[in-house]
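The sequence and the structure come first.

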Amino acid sequence: MTSDDPTRESRLRQLFEVLAEMDTAITEAYRARGQGQVRSRYVLPLVRLAHLGPMTITELARELDRTHSALSQTISQMRQAELVSSEVGEDGRTRVITLTGRGRALVPLAEDEWRATEAAIAELEAELPYAASQVAADMATALARRSFAERLDDHLPPGPLE
């Protein structure tokens with residue numbers, strides 16, 4: 001072994017753990033209300049489809065600022081949960097995503113959960129000396145000045161490994 005295991009330390013581990021705990025709480029809130037098939041990642045596409053109507057995965061991905069691949073996986077899971085359906089689009093190469101009756105019925109709860117999550121985060125931030133949303137905004141500003149890829153590259157050895 002040539003070095004100590006660097007994965008024993010992480011500046012982001014605790015943040016990921018906190019976010020996972022929050023995500024689990026959201027999933028549990030749906031389960032407690034008889035909607036155990038709902039995952040937090042379904043909420044944004046579900047609500048956006050309710051407000052904007054049927055659209056292709058590409059259009060929805062653009063609307064949600066997600067990759068086509070990531071959203072396609074989420075939509076596939078939402079289809080299995082019978083929250084959305086998909087049909088071949090006009091050109092035969094696209095799929096148009098539509099809320100099912102079950103999906104439409106879930107929208108009021110999804111919107112309530114979204115508002116409750118935002119309120120709970122605001123409450124949490126009020127207890128902190130520096131709001132997490134401000135940390136994220138400040139990080140985005142700093143990364144706009146110099147990307148994370150540039151910063152990462154500065155700390156990696158140059159060139160391909162041999």
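Helices (H or I, at least four residues) and strands (E, at least two) are taken as DSSP runs and numbered from the N terminus. On that basis, E82 lies in the loop between α4 and β2 (84-88). The model is predicted: local features need pLDDT of at least 70, side-chain atom pairs count only at pLDDT 80 or more, and totals for chains, interfaces and linings use all residues. Residues are numbered from 1 along each chain as its sequence is written, and side-chain values use heavy atoms, with hydrogens and water left out.

**Backbone geometry**

Most residues other than glycine have a negative phi. E82 is not a glycine, yet has a positive phi of about 60 degrees. D65 likewise is not a glycine and has a positive phi of about 60 degrees; D65 sits in the loop between α3 (57-64) and α4. A positive phi is also found at G53, near 90 degrees, and this residue follows α2.

The table gives relative accessible areas, where buried means under 20%, exposed over 50% and partly exposed in between (1.4 Å probe, protein chains only).

| Residue | Relative accessible area | Class |
|---|---|---|
| D65 | 68% | exposed |
| E82 | 47% | partly exposed |
| I26 | 17% | buried |

**Packing of α2 and α4**

Axes are lines fitted to C-alpha atoms, for helices over the stretch in contact, and angles run from 0 to 180 degrees between N-to-C directions. The axes of helix α2 (residues 40-52) and helix α4 (residues 68-80) come within 10 Å and cross at roughly 95 degrees. The two helices, α2 and α4, are therefore roughly perpendicular, a class that covers 65 to 115 degrees, while angles under 35 degrees count as roughly parallel, over 145 as roughly antiparallel and the rest as oblique.

With contact taken as heavy atoms within 4.5 Å, R41, Y42, P45 and L46 of α2 meet L71, T74, Q77 and M78 of α4. By class, this contact of α2 with α4 has five nonpolar, two polar and one charged residues. Here Ala, Val, Leu, Ile, Met, Phe, Trp, Tyr, Cys and Pro count as nonpolar, Asp, Glu, Lys and Arg as charged, and the others, Gly among them, as polar. The buried residues of α2 are Y42, V43, L44, P45, L46, V47 and L49.

**Pockets**

On a 1 Å grid over the protein atoms alone, a pocket is an open set of points where a 1.4 Å probe fits, with protein on both sides within 12 Å along at least five of seven lines; lining residues have an atom within 4 Å of a point. Grid points are joined across faces, edges and corners, and a volume is the space filled by probe spheres set on the points.

The largest pocket holds about 1100 Å³ of space. Of its 34 lining residues, L15, L19, M22, I121 and A132 are the closest to the centre. At least two lining residues come from each of α1 (13-32), α2, α4, α5 (101-126) and α6 (132-145). The lining of the largest pocket has 22 nonpolar, five polar and seven charged residues.

The second largest pocket holds about 310 Å³ of space. It is lined by 15 residues, of which A25, I26, A116, T117 and A120 are the closest to its centre. Two or more lining residues come from α1 and α5, and α5 gives the most, with eight residues. The lining of the second largest pocket has ten nonpolar, one polar and four charged residues.

I26 belongs to helix α1. Leaving aside neighbours within four places in sequence, I26 is in contact with S40, E113 and T117.
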